[in-house]
Every structure is written in structure tokens, then in C-alpha cells.
Amino acid sequence: MNDKRKLNYYTDYKIYSIYNKQFMKIGLLVAMDKEYEQLRHLENENIIVCKTGMGKVNAAINTTQMINNYHPDLIISSGCAGGASTELDVLDVIVGSSVVYHDAYYGLESEEFGRVQGMPKYYLAPENLVEIAKGLDYSHRIHEGLIASGEWFVDSVEKVKEILGHFPNAIGIDMESAAIAQTCHIFKVPFISFRVVSDVPAKENNVADYQNFWNTVSESSFSITSQFVNRILEQNI
């Protein structure tokens, strides 16, 4: 472990958990009914699927309940996300190697934009899980990078530009991942965000793409999430 960034973000226990622990029970969190309907079939003795509701408070409450009631070894934030970069396409996958709040600001005397006081600015995913995700067999592209989360349904070019002004490396935008990551950080549970791109707000056909995603292609797109969860379990049993 020579990466000082990870040493700053995690306690020794957390580092041990991420790099050495076998993931035998997985908590899979999604925000919306449509996402839950596509993934609920995964639920068994090793996988607990929960619909949190949209937004940071709903996500944090349900993550806490998941941890307290089921004691998962790993939590995955899944479902869909908006693409922050026009280089992404609908149905691409975003693997959140790190997540950040795009709407956290505590005044001029605070540490820095995006950081909740007393918490890390960036929440990092276990590197071995990022590598598993990147190696999945998928008909579309799989991207590794930063996901920015906030209490805003991002559907305009202007809002995307505002977020990228603070976090130019962000490739995905959602409403829950950072809150789930912060909760997992507090409870010392490894976390990763794995999202399918439903729309790219900076593209001209964004509204039509988003509607088409749910009307025609969402069922097949979430099969990659199933593959990711099962691959983790296969490699650790």
C-alpha cells in the first residue's frame, strides 16, 4: 500500500477490508421503481436488493438500514446515471472509481468545494472491483472515472457545465452515489457505484434518449449489472 491518497481516506481497518476481504454478501441499492423492477430478480441469500428512493437523504437512510439489518460485505450503488461527457453514449457503463458531491459547499472558510466537513472529498472504490467491472463482456463501452452526485436532476447543458466547472474530470452524474459512499465510509463498508448511462444532457437528443432508454432498452441494459454482481461472487466463493 504505497498510495498515500488511500491512506488518507481510509482507516487501517478500511484498507484491509478493501484489499483482502472476500465479498460474500452484497447490498445492491437503486433509487427508482423502474430500476428495482429490472434488478429485483437478483435477490437471494447473498444479494439484497433495495429501492432507496431518489436523493441523498433517502439514499443515506436506506444504506444505514441495509448495513444495520443485513451486514453486507460490499454495497453497490446501481441503476442509471447521466453522462457528463459527450464522449459517452446511452447504454455505456460508468464505473465510479471515485465519487464526489457536486453540491457540497460550506462557505468561504470551508476546506474545499465538494467536501463535507470532516469527510473525504473523494470516496474511492476498491481497485480490484473496478478491474472486475472493466473486464465484463458487454456490447457497449465501460468507462472508469469520477461520478458527481447532488440533489439535482441534471437535464440541461448549463447544469452540466456548472458541475464540470468544479469537477472537469467527472464522467457521470447521479443523485445518490456520494451519499451512499459517505455512509459506507462511516460504517467501514466497501462501496462502488456501477451505473448504466440513460442519457447525456449535453447532447441534442437528450430528452428523447432518456425516454427511449426506459421505453425500449432498459431491460437488456441492466443485464450488465447482473453480470457484475455475479462475477464478484464467483471470484470470491
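**Strand 9 and its surroundings**

Strand 4 and strand 9 run parallel and pair over three bridges. This is a predicted model, in which local features need pLDDT of at least 70, side-chain atom pairs count only at pLDDT 80 or more, and totals for chains, interfaces and linings use all residues. Residues are numbered from 1 along each chain as its sequence is written, and side-chain values use heavy atoms, leaving out hydrogens and water. Strands (E, at least two residues) and helices (H or I, at least four) are DSSP runs, numbered from the N terminus. Two strands pair if DSSP finds at least two bridges between them.

**Strand 9 and its partners**

- Ala81 stands opposite Val197 in strand 9.
- Strand 3 (residues 74–77) also runs parallel to strand 9, joined by three bridges.
- Here Ile75 has Phe191 of strand 9 as its bridge partner.
- Strand 5 (residues 93–101) pairs with strand 9 in the antiparallel sense, over four bridges.

**Nonpolar cores**

- A nonpolar core is a set of buried Ala, Val, Leu, Ile, Met, Phe, Trp, Tyr and Cys residues joined through side-chain atoms within 4.5 Å.
- The largest one has 34 residues, and Ile76, Ile192, Phe194, Val196, Phe228 and Ile232 have the most contacts inside it.
- Helix 9 (residues 223–236) gives the largest share of this core, five residues.
- Another core lies apart from it, with 26 residues, including Val189 and Phe191.
- Val196 has contacts (heavy atoms within 4.5 Å) with residues including Cys80, Ala81, Tyr138 and Phe213, not counting residues up to four places away in sequence.

**Cavities**

- The structure holds two cavities of 30 Å³ or more.
- A cavity is a set of points on a 1 Å grid over the protein atoms alone, where a 1.4 Å probe fits but cannot get out.
- The largest cavity has about 240 Å³ of space, a volume being the space filled by probe spheres set on the points, which are joined across faces, edges and corners.
- Its lining (residues with an atom within 4 Å of a point) has 19 residues, with Cys80, Ala81, Phe153, Ile173 and Asp174 nearest the centre.
- Strand 4 (80–83), strand 8 (170–174) and strand 9 (191–199) each give two or more residues to this lining.

Definitions and conventions: On a 1 Å grid over the protein atoms alone, a cavity is a set of points where a 1.4 Å probe fits but cannot get out, and a pocket is an open set with protein on both sides within 12 Å along at least five of seven lines; lining residues have an atom within 4 Å of a point. Buried means under 20% relative accessible area, exposed over 50%, partly exposed in between (1.4 Å probe, protein chains only).
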